[in-house]
Every structure is written in structure tokens, then in C-alpha cells.
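The following exercises guide a reader through a protein structure, one feature at a time. Each task is followed by a solution in steps.

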Amino acid sequence: MVQPLHSPISIPTIIILFLLCTLAFFTFPRQYPINPIANHTTTSTTLKSSSSSSSFHDTFLSLASNSTISHYLRSLTLHPHLAGTDGARRTVDYVESHFKRLGLETHAEQYQVLLSYPKQASLSAYFSNAGTREFELGELGRAGAALVRPYHAYSPSGTVRAKAVFVNYGREEDYRSLGALGVRVEGCVVVARRGDGSRNGVVKRAGENGAVAVLMYTEGERFRDGVERGTVMRGLGDPLSPGWASAVDGGQRLGMKDDEVIRRFPKIPSMPISAETAETILRSLEGPMLPQKWRKSSRTDLGGVGPGPTVLNFTYQGEEKLAIIKDVFAIVRGSEEHDRYVLLGNHRDAWTYGAVDPNSGTAALLDIARRYSLLIRMGWRPRRTVVLCSWDAEEFGMIGSTEWVEQNLVNLGSKAVAYLNVDCAVQGPGLFTGASPQLDDILVEVIKKIKDPDVEGTTVFEQWTAANKGIHILRLSGADSDFAPFLHHAGIPSVDIYYGKDFPVYHTAFDSYDWMITYGDPFFHRHVAVAGLWGLLALHLADEPILPFSYISYATELQAYISTLKVLLDGSATVEPLTISLEHFSTAAKLVEEVKNMRADEASTGLVELNRRMVNDRLMLAERGLLDVDGLHHGTRWFRHLVYGPSDGSKLSVFPSIAEALQESSQMKKEEKEAMIQHEIWRVSRAIQRAADALKGQVF
């Protein structure tokens, strides 16, 4: 029955309309011009009280919207967007337009860098008892004109025909196990399963052991025809401009035949394959049986280790070319310390559709921007400047973030408070966090304020500590996301946040919006939790008069590292220099904690603000003391942090220069070995002393 045109509107209808209008106001941003804040310090009469900041923090959490984040993610994953492609340009336009629509001050930086793409690849096998088979190298049913087929970026081109041999994870210990079986890999195509080590390390070791090519696969029970793409370049940033930003117009670039560039790339070709393809090859191998350790950790029954009798025909042809990449920034200027920066960063480029990696994080970043813009309209201004960073070309080796850090190294070194990174915001259940130790306490306090996305009526803190039997914060030694240039090169305290440890569609064409709404986070509650934690942590760092850093936590961590090192050394070198430096560091940490408490309680005046600034500088700059101008050795001098940094294949996950010395000296004479290790111990002890001096804040 048709309703009369002029029938009165019922009370329930009015209520529903009111609720819809309210939801629309908070969900769909409109253009609001925001006047830039003048670059001067405000007087004490205009300072926000701590209670006012706390009110804005509570409001920030109340503005959460899972449907809005879902909308952002759907829009970001409509097409593949590998860096340097048309899809990537459409994605950068989407992010940049979003910031501008919110009325946020928006900037962009472009760089011209060397990227790598596939042209042609093929793989076939000759089986001794089953003829020849040509393998499909893409993912069945996932082909598309804009979807780049699986490959390893920066792999050299090559064609080989050789026997296959299985090398487990391709670690040094795996080659030793093969040697004990009498198996040699010279002249073979090695097949390796992905583990915790870098792809570059796997290919490099294969070449050093005489292999002519490498095939890599990722084990898994689902999506077994998925193929994990990735980079095999060594180090971070544009390979043609190591240590400086690669300008679009002009600027120095090394040549492709420069020794420093050649060292960045493997010497033998490699290619990713699916678990199905790998197991077809591996089940056909004969030779000695797999070592017991390998069999226990393998998810499938395999044959022997080889070599052969299966012969592989392997062809890969790629191309390297200069491409334009673009980093995008949204800035909220600080009202009092506009020259102090709290940075939140996520990369937006993806190997394929990128629903998990990285656009679950991108969607969270866009939602934080939306919430911040609403707080600004309500009257909030941060004490310090907040910068939202959207990086490009991370998948090729953290290129976008590295170029920007190299370009702004001096300013960041003197003005950056902290860098908060989210890459894959949601991979599955369970919170995981990594941080520089001085950020542990504030990170835990913020986690306590976030509602758990999976268990109603509880906090993330309760579920996180229950799962880990206490507080468990990882350390950022690996160079596997955009925190690396900030912490390892610039010495900026950093945090990394994500939900879920692993996901089966990593770097494959199945990393799509459909996977997210089916498996990863159907109702986007985990996205809301990550966005809340990430954005609220930034608010605390931006708004609190005294930076919420605790170096007592750092001292505790350093003591544990020194104890571990002492056991590994087994008397071959002394850790006394480290112990002495740590005593000075611990004393300085306790002293600055007392000063923090005094300054926080003082009434705000011009002199008090100056004293607070001096304390904050000590807290902010102490991490820089752990940098060493010589960095690590053997082609990794770009990594300058002597407590945290990459140490591929080492038993020591911290003190990377010492870990490097332990590995490199293993074949040296006793005296040379001890001298090399002791020298690195002295270097680290001097770095800890520099950090202690920065915390003291005085030369005399």
C-alpha cells in the first residue's frame, strides 16, 4: 500500500534520522580550512592543561569507526599497486586527496630511484621416470593485466639447466648438514624454503657454495598455489644513491657497474615458486635422506636431498629502470614545540593488492587522520608537531622512507621525538609490539586503554599479557620495515605494532580485501584496536609536557644483552668495558628520572618550559649516542646503531657489530679472533657511554 504524500513523520523515524545525521558527521569528512599555526612559542595563558589533553585522548578513542576503515581498505585494494606502476600512482592520489579533504596540511616528496621488474620467466623439470613438466609460475585464476607475475626484485637474469638439490632454509648450518651427508651443491639449482633469514642471504650463501640458481617457496596448508614475491637486494634505500637522497632532477647517481652497486645484488638468479611446485620437485629427488631436524620441521613428506636425478630448466629475465616514487605527509603543527616531531608511518605500495601488507596499516593511518581532523575542529592542538607519513617503494627495500631520512638526517637527528610504525596492521589474532626500550612504559600504559577486539569486556592488555604470560615487547633488530632507517641509521626511538604473527597469503595475489573479510578481520575490530593504539600513543608523545621515556628499562635490557654475550664468549673476550659503561648509563637513567618527576610537577612559566625542554632534549637525544659513524662492516656501514641492527644468521640478535665479528672471525687464528671481537666490544661500550653522557646533559 502506498503511503500518503503528506502523512506525519513518526517519532521513531525522527530519532533514526537524527542518529544517521550524527553518524554521517563523524564518518564522512568535509573540507574545513585550517589556518597554519604560526612558528612561535605560545604564552602560558594559551597552554592546554593535562586534563584537557586527556579529554581529547578519550574523544580520539570514541571516534573509532570500523565501517570507515573497511571502506578505506576496500578503496585501497581495488587494483594492484606495485611501486612505479600506474596502480601505484592512483593509490598515492587517493591518500593525498584524503589528507587534503580533511583540511590537513599536506606535502609530498618525489625521488627517482632504481626499481626492478620481471620481463620473462619459465621453469620446467625433467623427471627420470615421468618425462618433462612445464610449471605455471603465476597463481591460478589470479592473472590480470595490472598484476605483476611472481619474481624476485633485483635478481640477475640468467638461464640454467642443472640438477635440483634441497638446502632446507639455506643457512650456513644447513650447508654443513649437507656436507656431513657428502652432498655438494656446485653446479646445481638449489631449492630453499623461506625462514627467518633474508632472501638476499639465502641467495648469497647459495652462490658462495657453488649453486647456479635458487628457487624459494613458502610452506603452508592453505593457498598452496600462492607465490611469495620479494626483494633480494642487500641493504636499504636506492642502490644508486647509498647514503644520500636520490633527486628527481639531477643529483649524483652511481653507475650500475660501480663496485658499491654490484655488492648490493646477488650474483646468481633466483625465483619464487609455490609450495605445490616445490613439493613436486622435492618429492622426485633421490640421494641421502633428509636430516632428522629437517624432517621434523617440514610440513610434508619429501624425498631425498638430491642432487637430482630431476633436472631443472630455469630462465629469468628482468629489467632495472629508474622510476619516480612519492612519499606523502599530513602535518599537524605543534602549538608550543613546533620543531619537535612525532612521526607515524606506513608504506602503501604492495606487490599485489596488499589488503594485509601494507594497506591494513594504510587504512588505519587514514582513519587516524580523520580522527585527528575532528579533534582539531573541536579545539585540539598538539604540543609538538605530529606527522603522518605514507611511504612508497618499501617492498623493494624501504626505499621511500630511507630516501626521506637520508634527505632530512640532520633535522631528524636534532628534532625527531619518535617514529611509530605500522606495516601489516592486521594479519590475524593477537597483538605484537616491538619498541626501543625507553618507550616500553608508555606503550604498556596505552595498551591498557584499548578495548580488546576479540574478547568483549576486556582490554588488549589483559589478552596480550595472558597470551604471553606477561608483558612481551619485541626488539627492532631486523631491517624488515620502515622503522629501520629511523632507528638503525638516524637513532630515533621507534615502535612497531601489528595484530597476528603470520598469514598464509603474504606477498601473494591472494592478499586481497576478500581474504581480509573472510579470514583476517571480518568486522574490522582488530583494525580499530591498532588504529586506537597507534594514534593514542602518538597523542601522548605529542601532548605530554615531559616526554614519557624511561631509560631505566633500557638499562635493564642492556644488562640482559651483556649477560647473554658473556655466555657466548665463554671467556674468549672480556665484557668489562660494557659493564663499566652500563653502570654510568644506569646512574644517568636514574638521575634523569628524578629530574623528570620534579619538572612535571612545576607550575608552567617561561623558565619552567625552558627547563622542561632541556630535560626533553636529554631524553630525545640519548638514543643517538648509540650510533657509530663507522657503522657495521663488510658492506653494511649504512647501519650505524650498535645495539640494534641486522645480524643475519647470528646466535646474537643484538650488538650487531659484535655479532658480525663473531661470525667473521670463526676461521681466524685465536689471537686475531679475540682481538677482532674485543675491538667491537670496545666500540659498543663507547656508544653506551655516549648515550649516558647525553642523558646527563652536561659536558662537565
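## Exercises with worked solutions

Helix 17 (residues 525-543) contributes 4 residues to the lining of the second largest pocket, the most of any contributor. The model used throughout is predicted.

### Exercise 1. The second largest pocket

Task: Describe the second largest pocket by its space, its lining and the classes of its residues.

Solution. 
- Step 1. The pocket holds about 390 Å³ of space.
- Step 2. Its lining consists of 13 residues, and Leu-61, Ala-64, Lys-451, Val-528 and Ala-529 lie nearest the centre.
- Step 3. Sorted by class, the lining has 6 nonpolar, 3 polar and 4 charged residues.

### Exercise 2. The largest nonpolar core

Task: Determine which residues of the largest nonpolar core touch the most other members, and which element supplies the largest share of this core.

Solution. 
- Step 1. The core has 206 residues, and those touching the most other members are Leu-115, Tyr-372, Phe-396, Phe-585 and Phe-655.
- Step 2. Helix 17 supplies the largest share of this core, namely 12 residues.
- Step 3. As background, nonpolar side chains tend to be buried together in soluble globular proteins.
- Step 4. Take Phe-585 as an example: with neighbours within four places in sequence left aside, its contacts are Tyr-551, Tyr-554, Ala-555, Leu-558, Ile-688, Ala-691, Ala-692 and Leu-695.
- Step 5. One of these contacts, Ala-691, is located in helix 22 (residues 670-696). Ala-691 has a relative accessibility of 1% and therefore counts as buried, the cut-off being under 20%.
- Step 6. Beyond its neighbours within four places in sequence, Ala-691 is in contact with Phe-585, Ala-622, Gly-625 and Leu-626. Between Ala-691 and Leu-78, by contrast, the C-alpha distance is 47 Å, with 613 residues separating them in sequence.

### Exercise 3. Strand 5 and its partners

Task: State how strand 5 (residues 189-193) is covered and which way its residues point, then identify the strands joined to it.

Solution. 
- Step 1. Strand 5 is mostly covered, with 5 of its 5 residues buried.
- Step 2. Val-189, Val-191 and Arg-193 point one way, whereas Val-190 and Ala-192 point the other way; all are buried.
- Step 3. Strand 4 (residues 158-166) runs parallel to strand 5 and is joined to it by 3 bridges. In one of these pairings, Phe-166 has Val-191 as its bridge partner.
- Step 4. Strand 6 (residues 213-217) is also parallel to strand 5, and 5 bridges join the two. Here the partner of Val-191 is Leu-215.

### Exercise 4. Helix 11

Task: Explain why helix 11 (residues 399-407) is described as largely enclosed by the rest of the structure.

Solution. 
- Step 1. The buried residues are Ile-399, Gly-400, Ser-401, Thr-402, Glu-403, Trp-404, Val-405 and Glu-406.
- Step 2. These buried residues pack against several elements, including strand 1 (105-127), strand 11 (384-391), helix 12 (409-415) and helix 15 (483-489). Strand 9 and strand 10 are also among them.

### Exercise 5. Arg-333

Task: Decide whether Arg-333 counts as buried, partly exposed or exposed.

Solution. 
- Step 1. Arg-333 is in the loop between strand 9 (311-332) and strand 10 (337-347).
- Step 2. Its relative accessibility is 26%, so Arg-333 counts as partly exposed.
- Step 3. Arg-253 is 80 residues away along the chain, and the C-alpha atoms of Arg-333 and Arg-253 are 34 Å apart.

Definitions and conventions:
Residues numbered from 1 in each chain as written. Predicted model: local features only at pLDDT ≥ 70, side-chain atom pairs only at ≥ 80, totals over all residues. Heavy atoms only, no water. 1 Å grid on protein atoms, 1.4 Å probe; cavity = no way out; pocket = protein on both sides within 12 Å on 5 of 7 lines; lining within 4 Å. Points joined across faces, edges and corners; volume = space filled by probe spheres on them. Nonpolar A, V, L, I, M, F, W, Y, C, P; charged D, E, K, R; others polar. Core = buried A, V, L, I, M, F, W, Y, C linked by side-chain atoms within 4.5 Å. Buried < 20%, exposed > 50% of the residue type's maximum accessible area, 1.4 Å probe, protein only. Contact = heavy atoms within 4.5 Å. Pairing = 2+ DSSP bridges.
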